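This briefing sets out the overall dimensions, domain layout, helix packing and backbone geometry of the structure shown below.

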Amino acid sequence: MSDFTSNFWSVYVAGLTLLSIIACVLLLWITARKKIVSASDNTTGHVWDEDLTEMNNPMPRWWVWMFVLTIVFALGYLALYPGLGTFAGKLGWSQLGEYKQEVAKGQAEIEPLYARFASMKPEQVAADTQAMAIGERLFMNNCAQCHGSDARGSKSFPNLTDADWLHGGTPEKISETLHTGRVGTMPPMAAAVGTAEDVRNVAHYVMSLSGSPHDSVRASLGQPKFTACAACHGMDGKGNQALGAPNLTDDIWLHGWGEAAITAMINNGKVNEMPAQAGKLTEAQLGVLTAYVWSLSNKSGAAAR
Amino acid sequence: MNPPSGKPRKVIPIASADQGASLYEAQKKIYPRSISGFFARWRWLMVFLTQLVFYGLPWLEWGQRQMVLFDLGARRFYMFGLVLYPQDFIYLTGLLIISALSLFLFTAVAGRLWCGFACPQTVYTEIFMWIEHKIEGDRSARLRLDGSPWTFEKIWKKSFKQFVWVAVSVWTGFTFVGYFVPIRELGAELMALQGSWQIFWVVFYGFATYGNAGFLREQVCKYMCPYARFQSAMFDPDTLIVTYDEARGEQRGPRVKTVDYKAKGLGDCIDCTLCVQVCPVGIDIRDGLQYECIGCGLCVDACNSVMDKMHYPRGLIRFSTQNGVAKGWNKSQILQRVLRPRVLIYTAILVALCVALLASLLVRTPLKVDVVRDRAALSRIVAGGKLENIYRLQIMNATEQAQRYRIGVQGLPGLELVSETEFEIDAAQSRWVVVRLQIPYGSTDAGSHAVHFAIEALGTGARVTEKSIFLVPRQ
């Protein structure tokens, strides 16, 4: 953090680095000049552990030049590349620059691959085995964390392989979802519905819509109260894709099935978010991914083409 | 390693405090004289053996591919009929442990056998010296040539030598890279000057060969090599080493053949210094065991040839042990001590490891499976009152034919695999497949349960079982 307020540490590190290099030069210089007193038996006179004597085994002198070379290299390196505190180096190399360069190189390599798909309709892309292999990898890396490796989702994460779509399952809608993300909002509706009993009754009515096991007396009592929900879910409970309001009649329960789950939803509401991918993935990747996601629920359609 | 006794190596008068030894010294160039004999023949045999394997192996084919190829890019390692994955790294570990133990064993039995006979540093130095010898002549001729001014003869001899050295080096670098890139394609590529990285590595390893075998030579063994250092720590008094029989050799000195040298107090050593002249590391073995000695035995050959000429018994310099020389043991007495506990234990471990490695390679299943459970979604309830867990299986085909695999699972009552169960995977390829497992909701307690995937190659019967867990949520 102190980087932002003062450059002390930068100077400190740079100074330490240079000092170490100077120390290396000094060490070389001293050892090159030093003469050691060596006994007649060519030992240095150092004895350890009673009888371990150190012999004088001088190194080849030309090796010193290799050490000198490393020092020259170090100085040259520090002048050209970042290494001395915040000094950026004469070449202006940076990790970020290197990363960007490599990404650009990678993009240039795969561009012709994607270019083929750009002119194709999503339905055609979905029929292309190579595109689907790419799509699968993109899905595994970017989508599978929430939607599962098999795209069948989990509680609160929609299943992408069925025909039930919150915001629409056409390639255009899927592409829109991928680009800008989605925020599904169910407001707390307890006050609008009425008493706690009313909420339970509405819950049973909701369960009755899909023919799930329910208390029919409560369901009939709840039916009039459902008008509070109809604004979004429709009078028939079939939902509204323009609003992202789920169809309540298809026996698909994104946030849990049963009286307890439904009353909790009415009482507390829910905000569920699908993050936008537009900044993370390129247009070309999103195009392939759109086709891949579309193909998941249109297996026969994709195969026919 | 101290010279046990004998003549002090170099006496430096300590007259003034300034006149000490430097920590560095001018590199003394060594001009080893060539010699023939028992150990020299063994050294050449080892050169041929190791280099036949090294230079020849990449050219052999196995079916449609190179027999031994380490394809780093594709991460597949082909050895004879085997296709190894990076996951098989354990075999490399095994190989390295076996190599280390072999080194321990050889060193305990006969010192630096590896250094003297099989180490690439020794072998390439020997090849380079042979070239030098053929072009510039033997020791004395080379000494004369180096001392002479730059005559036409010197220039062509030196440049011709350099040319041959470079050629051998480039070929060595090329061969080495040929273990990692198909060597026939590599050859064609290099001819067309394509593949800048391949060229770089060929030049890099070529340069390393040239520098190590042409110039650094014994300096590598003396100043760089860690194995040389720790091997001397593995010697004991019963280790076979190159020894000079001091009691028999001293007092050394020249003599006239007609005179009884023993009467004059002379030993068997005629001080011809041939043993010093042939030494590739430039030591005098008569000073006793020294850390530079690589145990090549050339001084033994040299001395024996002289002993033969003098009609003295051979073996003034010989492979013997410290105990053997000190106690005057004969050959069988020395060899008896070879079978000491240390050697027997090394041998037993080594044999066990070799058998284990070979056996595990032979019974190896050419199929590998990794199970990765989906991490974000622990479990889910799906239509039909089922509880579902998702897995990804990486199936690795380690054969060179396309294979069909069937996945099965067991471990919980009512456990079912509801996704596809059969997959086709190409030769030496791996593939990720998604697997869904279901149990009836409420059929098992909440918690984590072990399940076992069994993956079977249809037709070949190769079968692998992998463990994973099935999560049942509370509530």
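**Briefing on chains A and B**

Ser156(A) sits in the loop between helix H6 (144-147) and helix H7 (171-180) of chain A, where helices (H or I, at least four residues) and strands (E, at least two) are DSSP runs numbered from the N terminus. The model is predicted: local features need pLDDT of at least 70 and side-chain atom pairs count only at pLDDT 80 or more, while totals for chains, interfaces and linings use all residues. Residues are numbered from 1 along each chain as its sequence is written, and chains are lettered from A and ligands numbered from 1 in the order in which they are written.

**Backbone geometry**

- Most residues other than glycine have a negative phi, and most peptide bonds are trans.
- Ser156(A) is not a glycine, yet has a positive phi of about 75 degrees.
- Ser156(A) counts as partly exposed because it has 13 C-beta neighbours inside 10 Å; a residue is buried if 20 or more other C-beta atoms lie within 10 Å of its own, exposed if 12 or fewer, and partly exposed in between, with C-beta atoms placed from the backbone.
- Asp251(A), although not a glycine, has a positive phi of about 60 degrees.
- The loop between helix H11 (227-233) and helix H12 (259-268) of chain A holds Asp251(A).
- With 14 C-beta neighbours inside 10 Å, Asp251(A) is classed as partly exposed.
- In chain B, the peptide bond from Glu250(B) to Gln251(B) is cis, with omega near 0 degrees.
- Gln251(B) belongs to the loop between helix H11 (246-249) and helix H12 (274-277) of chain B.

**Chain A: overall form**

- Chain A contains 14 helices and 6 strands.
- The radius of gyration of chain A is 35 Å, whereas a compact globule of 305 residues would have one near 19 Å; the radius is taken over C-alpha atoms, and the globule rule is 2.2 Å times the number of residues to the power 0.38.
- Along the principal axes, the C-alpha atoms of chain A fill a box of roughly 110 × 50 × 45 Å.
- Buried residues make up 23% of the 305 residues of chain A.
- Among contacts in chain A between residues at least 6 apart in sequence, 61% join residues at least 24 apart; two residues are in contact if their C-beta atoms, placed from the backbone, lie within 7 Å.

- Chain A is divided into domain 1 (2-80), domain 2 (118-181 + 275-304) and domain 3 (195-244 + 256-268), with bounds that come from an automatic or database domain assignment.
- The centres of domain 1 of chain A and domain 2 of chain A, taken over C-alpha atoms, are separated by 61 Å.
- Helix H5 (residues 129-142) and helix H13 (residues 283-296) of chain A have axes that come within 8 Å and cross at roughly 95 degrees; axes are lines fitted to C-alpha atoms, for helices over the stretch in contact, and angles run from 0 to 180 degrees between N-to-C directions.
- H5(A) and H13(A) are therefore roughly perpendicular to each other, given that angles under 35 degrees count as roughly parallel, over 145 as roughly antiparallel, 65 to 115 as roughly perpendicular and the rest as oblique.
- Residues making this contact include Met132(A), Leu138(A) and Phe139(A) of H5(A), and Val288(A), Leu289(A) and Tyr292(A) of H13(A).
- The contact of H5(A) with H13(A) has 9 nonpolar, 3 polar and 1 charged residues; Ala, Val, Leu, Ile, Met, Phe, Trp, Tyr, Cys and Pro count as nonpolar, Asp, Glu, Lys and Arg as charged, and the others, Gly among them, as polar.

**Chain B: overall form**

- Chain B contains 16 helices and 18 strands.
- The C-alpha atoms of chain B fill a box of roughly 110 × 60 × 50 Å along the principal axes.
- Of the 475 residues of chain B, 26% are buried.

- The domain assignment gives domain 1 (28-364) and domain 2 (367-472) of chain B.
- The centres of domain 1 of chain B and domain 2 of chain B, taken over C-alpha atoms, lie 53 Å apart.
- Their contact takes 5 residues from domain 1 of chain B and 6 residues from domain 2 of chain B.
- Helix H4 (residues 120-136) and helix H8 (residues 196-216) of chain B have axes that come within 8 Å and cross at roughly 75 degrees.
- H4(B) and H8(B) are therefore roughly perpendicular to each other.
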